[in-house]
Amino acid sequence: MQGLVLQLTRAGFLLLLWMFIWSVLRILRTDIYAPTGAVMVRRGLALRGGRSPGRQSGKTTPRYLVVTEGALAGTKISLGSQPVLIGRADDSTLVLTDDYASSRHARLSPRGPDWFVEDLGSTNGTYLDRSKVTTAVRVPIGVPVHVGKTVIELRP
C-alpha cells in the first residue's frame with residue numbers, strides 16, 4: 001500500500017512540474033512574439049479609418065475624459081494642463097474600485113495638444129484599443145483605453 005501511495009505522489013508531482021513548465025513557456029512565447037504598443041496602435045488606427053496616428057480630421061483637442069465601461073460608467077472629467085492619474089489609490093484623479101486595477105495603474109499626460117497614456121508598472125497592463133501600452137503612446141479621440149475592467153475615452 002505504501003508503494004502505491006509513493007508512486008501516485010511521484011506521478012502527481014511530475015504532472016504539476018510539467019504544468020508549471022508549460023505555463024512558463026506559454027507566457028514567454030506571448031511576451032517574445034507580442035508586438036510593441038506603438039506598432040499595434042498604428043495598425044489598429046489604420047483599420048479604423050485609414051488615418052495615421054499623426055492626423056486627425058479637424059485636429060480637435062480633447063476636453064473631457066469619459067468612462068464608457070465599468071463601475072464608474074458615465075463619469076466625465078474635464079481635462080486641463082495637469083496629468084490624470086488613474087488607479088485605486090485615494091490620491092488618483094480617477095479612483096477606480098476595480099480589483100484588476102493597480103494602486104497607480106496609468107497616467108494620461110498632455111504634450112501640446114495631444115494626450116499620451118503610459119502604464120505605471122501595473123500588474124494587468126494598460127491597453128489602447130487592443131494593444132498593450134509599453135511606452136507613452138498618443139491617445140486619439142474616441143479610442144478606448146482599458147484599465148482593468150474600466151474603459152475610458154478622450155472626447156472633444
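This is a predicted model: local features need pLDDT of at least 70, side-chain atom pairs count only at pLDDT 80 or more; totals for chains, interfaces and linings use all residues.
A residue is called buried when its relative accessible area is under 20%. Ser102 has a relative accessible area of 15%, so Ser102 counts as buried.

Where does Ser102 lie? Its place is in the loop between β4, residues 94-95, and β5. Setting aside neighbours within four places in sequence, Ser102 is in contact with Gly87, Arg88, Ser122 and Thr123.

I turn now to the nonpolar core. The largest one has 22 residues, and the members that touch the most others are Leu65, Ile86, Leu108 and Ile152. Two or more residues come from each of β1 (64-69), β3 (84-87), β5 (106-111), β6 (114-119), β10 (145-147) and β11 (150-155). As a general remark, nonpolar side chains in soluble globular proteins tend to be buried together. Ile86 illustrates the contacts here: beyond four places in sequence, its partners include Leu94, Leu96, Leu108, Val147 and Ile152. Ser92, Arg104, His105 and Ala106 are also among the contacts of Ile86.

Next, the pairing of strand β1. Which strands does it join? On one hand, three bridges connect β1 to β2, residues 76-78, and the two run antiparallel. Leu65 stands opposite Ile77 in that pairing. The two strands form a hairpin with six residues between them, and Gly70 in the turn has a positive phi of about 115°. On the other hand, five bridges connect β1 to β11, again antiparallel. There, Val67 has Ile152 of β11 as its bridge partner.

Finally, the charged pairs. How many salt bridges does a search of the whole structure find? There are four, and I shall describe some of them.

Glu118 and Arg107 meet at 3.3 Å, N to O. This pair links strand β6, which holds Glu118, to strand β5, which holds Arg107, across eleven residues. Glu118 is partly exposed because its relative accessible area is 22%, and Arg107 is likewise partly exposed, at 28%.

Arg138 and Asp114 meet at 3.9 Å, N to O. Arg138 is in strand β9, residues 137-138, and Asp114 is in β6, 24 residues apart. Are these two residues buried or exposed? Both Arg138 and Asp114 are buried.

In the salt bridge of Arg155 with Glu153, the closest N and O atoms are 2.9 Å apart. Arg155 has 32% relative accessibility and therefore counts as partly exposed, whereas Glu153 is buried, with a relative accessible area of 15%.

Methods. Residues are numbered from 1 along each chain as its sequence is written. Side-chain values use heavy atoms; hydrogens and water are left out. A nonpolar core is a set of buried Ala, Val, Leu, Ile, Met, Phe, Trp, Tyr and Cys residues joined through side-chain atoms within 4.5 Å. Buried means under 20% relative accessible area, exposed over 50%, partly exposed in between (1.4 Å probe, protein chains only). Helices (H or I, at least four residues) and strands (E, at least two) are DSSP runs, numbered from the N terminus. Contact means heavy atoms within 4.5 Å. Two strands pair if DSSP finds at least two bridges between them. A salt bridge is a side-chain nitrogen of Lys or Arg within 4 Å of a carboxyl oxygen of Asp or Glu.
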